[in-house]
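Please open the structure in your viewer and keep the selection tool at hand. The tour goes from one selection to the next, with a short account of what is there at each stop.

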Amino acid sequence: MTTWVEGAAGSTYDVDNLPYAVVAHGDEPPRVGARIGDLVVDLAPVAATDMLEVAHVFEAPSLQPLMSLGRPTWTAVRAWLVDLLTDPHERDLVEPHLVPVDQVQVLLPFEVADYVDFYCSLHHASNVGRIFRPDGEPLTPNWRHLPVGYHGRAGTVVVSGTDVRRPCGQRPSSEGPTYGPSRRLDLEAEVGFVVGAPTALGSRVATGSLAEHVFGVTLLNWSARDVQAWEYVPLGPFLGKSFATSVSGWVTPLDALAAAWTDLPGQDPAPLDYLAVDGPAGLDLDLEVLLDGEVVSRPPYASMYWSPAQMLAHLTVNGASLRTGDLFASGTVSGPEPTQRGSLLELSWGGREPFTSGGRERTFLEDGDVVTIRATAPGALGGRLALGEVTGRILPADG
């Protein structure tokens, strides 16, 4: 299966990838595109000319209409697209609607319905516990029994490339709380999962039904550690997370990750029945965190304790409904090695052990810093495919 698109074969955006985005270019209104190599297929005119039954969904300024159609349609559309890009006879149909990726504006790809952030990395949770509770148990008693999570603010999810203003809030000190800009603004290397097919209130999603509901995968970022540290006991993060969540502009279809599934590293004790998984449930994703263009960490998602299917099963076990556009995220991805820590909180060990970046010692984010998180996964064609990166620049606090 080889694409006729020049420069795409063997790249990280070959036909085994084909992520979707909402793009604007020229005088055309925003609508759905798919990436192949360094080009974007403007899907609306191609589908209309080819008289695809669901051609209308590509005219929308959101992935919502496509995502709402469900797994059989997602798979069929992907097969149609692969055929167009590998059959030389289809070249005349598609080629007039290929646009260089650097000539399009990539917008927020979907309307976020609800946003749930989990805490699924054993290494991250253990590191955070040791930093904040050095004389106590690193993990809370419930941690190995369920994927801990909290609800965020859907309205503060922004697309990659959006500047992020340093948030203000209450910060802890030895004299009590103070108010002002976060002094411990942090990055978080996270993986997010975008829900397409909804469910009714009162229904539950089994661990084996992840693919029936999850449309694709994105990357996420940001946390204000000092604000979070003061507010999170007893109810969890609030202002420390809700100021902004950046997501990739490109959503990688779950079908593109068929070769990336891998066994979980092991769960002890065995989870309750509704969280039990059968077969490979983890994902072999290699993340990279860049601070001002320099790689400072390489977290492996394959090391995660709780899987995407378990997150979704736990999210819905009480009967909570799913909506098209729901977003749930893994929490910070960290591995067992110091070079695999997915946050500056861990890399600087709570600010007490600065790390070196850009030729100088660093702890937390400074105004003007640019953070990029990117990832790759095994592709079905034998190489690696790239997930859409997420980038943001820190602006000074207002006032």
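The strands named on this tour are DSSP runs of E with at least two residues, numbered from the N terminus, as are the helices, which are runs of H or I with at least four residues. With that in mind, select proline 269, which is found in the loop between β18 (261-262) and β19. The model is a predicted one, and in it the peptide bond leading from aspartate 268 to proline 269 is cis, with omega near 5°.

Now move to proline 234, whose place is in the loop between α7 and α8 (239-242). Here the peptide bond from valine 233 to proline 234 is also cis, with omega near 10°. Most residues other than glycine have a negative phi, and most peptide bonds are trans.

Two tryptophans come next. Tryptophan 222, in the loop between β14 and β15 (223-224), has a positive phi near 100°, and it is buried, with a relative accessible area of 1%. Tryptophan 349 lies in the loop between α10 (344-347) and β23 (355-357), and its phi is positive as well, near 45°. Because buried means under 20% relative accessible area, tryptophan 349, at 17%, counts as buried.

Leaving aside residues up to four places away in sequence, phenylalanine 328 touches several residues, including Val116, Phe118, Leu210, Met311 and Leu315.

Among the buried residues are Pro308, Gln310, Leu312 and Thr316, and the buried residues of α9 pack against β6, β13 (190-195), α6 (210-213), β14 (214-221), β19 (282-283) and β22 (327-329).

Finally, where is the centre of the largest pocket to be found? Select Tyr119, Val148, Gln228, Tyr232 and Pro237, which lie nearest that centre among the 32 residues of the lining. About 670 Å³ of space lies in this pocket. Its lining has 17 nonpolar, nine polar and six charged residues, and α5 gives the most to it, with five residues.

Note on methods: Residues are numbered from 1 along each chain as its sequence is written. This is a predicted model: local features need pLDDT of at least 70, side-chain atom pairs count only at pLDDT 80 or more; totals for chains, interfaces and linings use all residues. Side-chain values use heavy atoms; hydrogens and water are left out. Contact means heavy atoms within 4.5 Å. On a 1 Å grid over the protein atoms alone, a cavity is a set of points where a 1.4 Å probe fits but cannot get out, and a pocket is an open set with protein on both sides within 12 Å along at least five of seven lines; lining residues have an atom within 4 Å of a point. Grid points are joined across faces, edges and corners, and a volume is the space filled by probe spheres set on the points. Ala, Val, Leu, Ile, Met, Phe, Trp, Tyr, Cys and Pro count as nonpolar, Asp, Glu, Lys and Arg as charged, and the others, Gly among them, as polar. Buried means under 20% relative accessible area, exposed over 50%, partly exposed in between (1.4 Å probe, protein chains only).
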